[in-house]
Amino acid sequence: MGLVGVPENGNGDMGVSLGKKNKYKRMDSELSEDFDHQLERSRITRKYVVACAMFASLNNVLLGYDVGVMSGAIIFIQEDLKITEVQEEVLVGILSIVSLLGSLAGGRTSDLIGRKWTMALAALVFQIGAAIMTVAPSFKILMIGRLLAGVGIGLGVMIAPVYIAEISPTVARGFLTSFPEVFINVGILLGYVSNYAFSGLSVHINWRIMLAVGILPSVFIGFALFVIPESPRWLVMQNRVDEARLVLLKTNENEAEIEDRLAEIQLAAGIGNADKFEQKAVWHELLSPSPSLRKMLVVGFGIQCFQQITGIDATVYYSPEIFKDAGIENNSKLLAATVAVGITKTAFILVATFLIDKLGRKPLLYVSTIGMTICLFTLSLSLALLGKGQLVIALTILCVCGNVAFFSVGMGPICWVVTSEIFPLRLRAQASALGAVGNRVCSGFVAMSFLSLSKKITFGGTFFIFAAMSALSVLFVHTLVPETKGKSLEQIELLFQDQPKWQGGEMEMEDVEHLVHKAGTTGA
């Protein structure tokens, strides 16, 4: 007598085996389909998020282009409008000072009208300023256009990294948030190329065309508004949770994690947990910070200031003057040398974007700040001790290119990445704006004093000061800046809390999970 359900032909075991094989084939087929679906979704999501980051970074091309083009255009503006050296410094540096007004206004504006429409406003204001500069018949009118362009740039520079950090998945946030700095460098390179391309035209026309070309990137921002979504975190702050969920569905690869991410964002924003959050005005909270917020402000404001007081804008704005001091006399050769600087800066920022999520923020910051210190010190010695000649020209070009390369590998992009990551959601836009203000003030101070200071203590003496500031930045990074690689924005907030000895040292994911567990136990 055979077993129930098994044929008595002697092949019963084979029948069971075949049944199992068919079952496994069906399971394998279903798993394969699910895997293919997830792979396709991941591919589409990654492309969409990268496109959003690129479009959001277009405003940063404006800043980069202005920095690059003004280094050459100022030579011809000085010749055409007969401006003095002091007026030259004011014209170059005022953009950074005025852009702080845009950055200050940007925090509040982006909280009111959204991150997306703040980017649109930035492009519009810049376009108006650039158009005025293009047709300016005098120094005064040129300054009016420069002031408007500065406000537009301040708005754009402040909001781009905040927006990108808020739409990016955790695993790629460093890579994507470095895009604004990449686009600044692309803009600088385009500015240098524009200088070289149009320098052969008449003095009355060439600098106007150079400045007019800067309007083009802002035109593309109008098209970008039809592609990019609003920040999901801003939508949550406006109680538009369903819209935020739809954005997260587009920007996150794993659908299963979306509700958890949304709950994290709601918790960070205080929605549904208002009794746990003290309802204070944002600026009141920033001016009277808690101990953890004070640590965030020190890191955010400090790294922004160190990015500029090491003299990067002076190196970029005044590279023709630096090369001239080393011995290059011909204008075409001066502008060609600046193109080499722009190519170097752009190439190394691309290197940084691919390393930032693999190596982490702090290792790249160490390489950057130490390398900059060495290059700036060597440049100082070369200009101060070796006089003029082919050796000095070669060393100067090498050190300037080395300085911008090390800057682009770390301090350039990571400054904006860290500032956009560390602040709580309810304070992020306006705290980031405060950091951008520090950046722009330091940039303006350096740009407006560089020529005067160099005349008094020589170019070599000025770069020795920059080298000293760069050495201090190494200490700042080691002591205060935390590693944020691989952590969600909400987890990063925990890095600054519940630590008896807060250090810039390394708190890994296990430590964060321990803090979350501890918080849950305490709440219970």
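Helices here are DSSP runs of H or I with at least four residues, strands are runs of E with at least two, and both are numbered from the N terminus. Before going on, a note on the source: this is a predicted model, where local features need pLDDT of at least 70 and side-chain atom pairs count only at pLDDT 80 or more, while totals for chains, interfaces and linings use all residues. Residues are numbered from 1 along each chain as its sequence is written, and side-chain values use heavy atoms, with hydrogens and water left out.

Back to S103. Is S103 buried or exposed? S103 counts as buried because its relative accessibility is 0%, and buried means under 20% relative accessible area, exposed means over 50%, and partly exposed is in between, using a 1.4 Å probe and protein chains only. What does S103 touch? Leaving out residues up to four places away in sequence, S103 touches G154, L155, M158, A433, A436, V437 and R440. A contact means heavy atoms within 4.5 Å. Take L155 from that list: S103 and L155 are 52 residues apart in sequence, but their C-alpha atoms are 5.0 Å apart in space.

Now the whole protein. It has 23 helices and zero strands. Of its 524 residues, 55% are buried. Among contacts with a separation of 6 or more, 80% are between residues 24 or more positions apart. The protein exposes about 22200 Å², and carbon and sulfur atoms supply 67% of that. Accessible areas come from the Shrake-Rupley method with a 1.4 Å probe, and for residues only the protein chains shown count as cover.

Next, the inside. A nonpolar core is a set of buried Ala, Val, Leu, Ile, Met, Phe, Trp, Tyr and Cys residues joined through side-chain atoms within 4.5 Å. The largest such core has 120 residues, and I77, L142, F450 and F463 have the most contacts inside it. F450, for one, touches E89, A314, Y318, I322, F459, T462, F463 and F466, again not counting residues up to four places away in sequence. There is also a second, separate core of 10 residues, which includes L235, V236, I258 and L262.

Which helix gives the largest share? That is α4, with four residues. L121 lies in α4, and L121 is partly exposed because its relative accessible area is 34%.

On to charges. Side chains of opposite charge can pair when their charged atoms come close. A salt bridge is a side-chain nitrogen of Lys or Arg within 4 Å of a carboxyl oxygen of Asp or Glu, and by this rule there are six. One pairs D80 with R208, with the closest N and O atoms 3.9 Å apart. It links distant parts of the chain: D80 is in helix α2 (residues 58-81), R208 is in helix α8 (residues 203-212), and the two are 128 residues apart. D80 is partly exposed at 21%, whereas R208 counts as buried at 11%.

Another salt bridge joins R245 and D242, at 3.0 Å from N to O. Both lie in helix α11, three residues apart, about one turn of the helix. Salt bridges that share partners also join D111, R115 and E166 into one network.

Last, the backbone. Most residues other than glycine have a negative phi. N239 has a positive phi, near 65 degrees, and lies in the loop between α10 (232-237) and α11 (241-251). N239 counts as exposed, at 56% relative accessibility. T458 also has a positive phi, near 75 degrees, but T458 is found in helix α21 (residues 428-480). T458 counts as partly exposed, at 45%.
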